[in-house]
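Please keep the sequence and the structure in view while reading.

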Amino acid sequence: MVEKIFNLFSSISPLFALFIISLVPLIEERGALIFAASIAIDWKLAMPICIISNFLPVPFLLLFGTKIIHWLKKTKTFGSFFTKYDEKLHVKSEKYKKYGFLALTLFVGIPLPGTGAWSGSLVASILQFKYKDALLSILLGIILAAIIMTIGCYGTIGLFKLFI
């Protein structure tokens, strides 16, 4: 399986692969920047590609996120997960609403498992954030995550290369 994926990406442009990886939920720009650093794509080129690509689905997720979650709650595969996810968010909704913009920005921007633009968009949809506020907050979070990951990936890989 991994070999098939590698062969797929080796036959397309590294920049296009970077763009596609940034679109994938859960991997997003965080994984894409690791990929970019590992194949020596200049960070000044990789970072804007990842930011733009990671942001592309956000407007649609904000518009249709609630409908998508309601649909997923009815499926056998994802139903129990999204039901629990929805309930958990509603329990914590006052906390999120209190800190609102900043909380959403940090949720998207701090690169931890389960956070990012996709999940941030779903959180904003469920908690009914204002569309423009959610867009800006998620964009700032994506930029923050890109800065953190770029420093981490390119600094760490750059240091590692010094010793090889």
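## Aromatic cluster

Phe78, Phe81 and Phe82 form one aromatic cluster. The model is a predicted one, in which local features need pLDDT of at least 70, side-chain atom pairs count only at pLDDT 80 or more, and totals for chains, interfaces and linings use all residues. Residues are numbered from 1 along each chain as its sequence is written, and side-chain values use heavy atoms, with hydrogens and water left out.

A search of the whole structure finds two aromatic pairs, where rings of Phe, Tyr and Trp (its six-membered ring) pair if their centres lie within 6.5 Å, and planes under 30 degrees apart count as stacked, over 60 as edge-to-face and the rest as tilted. The rings of Phe78 and Phe82 have centres 6.3 Å apart and planes at 70°, so this pair is edge-to-face. The rings of Phe81 and Phe82, with centres 5.0 Å apart and planes at 90°, are likewise edge-to-face. Phe82 is buried at a relative accessible area of 11%, whereas Phe78, at 41%, is partly exposed; here buried means under 20% relative accessible area, exposed over 50%, and partly exposed in between, with a 1.4 Å probe and protein chains only.

Thr150 lies in helix H9, which spans residues 131-162; helices (H or I, at least four residues) and strands (E, at least two) are DSSP runs numbered from the N terminus. With a relative accessible area of 8%, Thr150 is buried. Leaving aside residues up to four places away in sequence, Thr150 touches Leu33, Trp43, Met47 and Gly155, a contact being heavy atoms within 4.5 Å.

## The kink in H5

Helix H5 (residues 58-73) has a kink of about 65°, centred on Phe64, the bend at a residue being the angle between axes fitted to the seven residues ending there and the seven starting there. Buried residues in H5 include Val58, Leu61, Leu62, Gly65, Ile69 and Leu72.

## Positive phi in two loops

Most residues other than glycine have a negative phi, and most peptide bonds are trans. Ala40, which is not a glycine, has a positive phi near 65° and is found in the loop between helix H3 (28-38) and helix H4 (43-55). Its relative accessible area of 55% makes Ala40 exposed.

Gln128 also has a positive phi, of about 55°, although it is not a glycine. Gln128 sits in the loop between helix H8 (117-126) and H9, and its relative accessibility of 67% means that Gln128 counts as exposed.

## The chain as a whole

The protein chain has nine helices and zero strands. Of its 164 residues, 39% are buried, and among contacts between residues at least 6 apart in sequence, 73% join residues at least 24 apart.

The accessible surface of the protein chain comes to about 10,100 Å², of which 74% belongs to carbon and sulfur atoms; accessible areas come from the Shrake-Rupley method with a 1.4 Å probe, and for residues only the protein chains shown count as cover.
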